[in-house]
Amino acid sequence: MARAKVYITLKEGILDPQGKTVLRALKSLGYDEVGDVRVGKYMVLELDGTDKARLEERLGQMTEQLLANPIIENYQMEVEI
Amino acid sequence: MRFGVVVFPGSNCDHDCHYVIKSVLGQDVDYVWHGSTDVAGYDCLVLPGGFSYGDYLRTGAVAKFSPVMKAVAKHADSGGLVIGICNGFQILLEAGLLPGAIMRNVGLKFICRFVDVRVETTSTPWTSAAHQGQVLRIPIAHNEGNYQVPPDVLVEMKRKGQIVLRYCSPEGSVLQEFNPNGATESIAGICSAGGNVLGMMPHPERASEAEIGSEDGMVIWRSLLAHCGV
């Protein structure tokens, strides 16, 4: 069983209302070093198979088709065999 | 005229749409279950508001894979009329039947209130009974209504007259202070290049009788009936 991790974030230039709210909250707590916050999604998938290249290709398709919306979101993924 | 109101798990404005079409407009209407793959015989398909599939992942992201959506796409591709209201609009975007995407409201709050929207074009089946610049008072009820679209696509949409409704002041001025959700250029409703597919965040079915506060939504329905020669 392989394990995959998918990280989805809003594209640069797309306003992230949640990120802005978290940023303001951190500032109000005195964490002045925080410059920006982007809130995203983290998903963990269990996958059958041992062919890493094949699993990565399939996971890319899953992400493009369903997990992320390529119009507004970017993604990164990792597959561990 | 025959309407089909598509029912997804989690739709909650399906009965409102059915009621308006049947009792106010006096037209034929059926519910179409999301598992159905046949929408033959319907002049207009309505994707109603609600929370299809619990809004999990992203609004409309799971509903776009419902069996019925292939039939809806085929209907739309052959010039058939489709209106997506609120969650229905979100589904049409996810399905790629309309350009762009919807994000969370800028204020992070669910907003349920009347808004004013300005008719930007009367050259669509949905707005032919309006006059250019007419202000409609129709309620919104959404947490994700912040319409976003890549700049190059927006230019093309404007060129083709696909911007149908914009949030505005009661007098019809499009100003940022009257934009409830942060939508790009205050966009509240758009149509396909061919005009046969409409997506809008405001709920015309909640503004179709004077008794409930506004009948401005009737402008949309009356336009549609006139377009179909009813």
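**Exercise 1. Confidence**

What is the mean pLDDT of chain B, and what percentage of its residues reach 70 or more?

*Solution.* Start with the kind of model: this one is predicted, with local features needing pLDDT of at least 70, side-chain atom pairs counting only at pLDDT 80 or more, and totals for chains, interfaces and linings using all residues. Residues are numbered from 1 along each chain as its sequence is written, while chains are lettered from A and ligands numbered from 1 in the order in which they are written. Next, recall that pLDDT is the predictor's confidence in each residue, from 0 to 100. For chain B the mean is 97, and 100% of the residues reach 70 or more. For the complex, the predictor gives an ipTM of 0.86 and a pTM of 0.95.

**Exercise 2. The build of chain A**

Work out the pattern of chain A and how its strands are arranged.

*Solution.* Step one: helices (H or I, at least four residues) and strands (E, at least two) are DSSP runs, numbered from the N terminus. Chain A has two helices and three strands, and along the sequence they follow β-α-β-α-β. With a radius of gyration (taken over C-alpha atoms) of 16 Å, chain A is well over the 12 Å that the globule rule (2.2 Å times the number of residues to the power 0.38) gives for 81 residues, so it is more spread out than a compact globule.

Step two: two strands pair if DSSP finds at least two bridges between them. The three strands form an open antiparallel sheet in the order β2-β1-β3 of chain A. Because β2 (41-47) and β3 (73-80) of chain A stand at the edges with a single partner strand each, one side of each is left without a neighbour in the sheet. Seven bridges link β1 (residues 2-10) of chain A with β2(A), and K5(A) faces V44(A) in β2(A).

**Exercise 3. A helix in chain B**

Is helix α3 (residues 87-94) of chain B mostly covered or uncovered?

*Solution.* First, the cut-offs: a residue is buried if 20 or more other C-beta atoms, placed from the backbone, lie within 10 Å of its own, exposed if 12 or fewer, and partly exposed in between. In α3(B), eight of the eight residues are buried, which leaves the helix mostly covered; among them are F89(B), I91(B) and L92(B). Next, look at the cover, which includes β3 (44-47), β4 (81-85), β5 (101-103) and β11 (197-200) of chain B. The helix runs at about 115 degrees to β4(B). After α3(B) comes G96(B), with a positive phi near 80 degrees.

**Exercise 4. A loop residue**

Is E185(B) buried or partly exposed?

*Solution.* Find E185(B) in the loop between β9 (163-168) and β10 (187-191) of chain B. Then count: E185(B) has 14 other C-beta atoms within 10 Å, so this residue is partly exposed. Finally, its C-alpha atom is separated by 8.5 Å from that of V174(B), eleven residues apart along the chain.

Note on methods. Two residues are in contact if their C-beta atoms, placed from the backbone, lie within 7 Å. Axes are lines fitted to C-alpha atoms, for helices over the stretch in contact, and angles run from 0 to 180 degrees between N-to-C directions.
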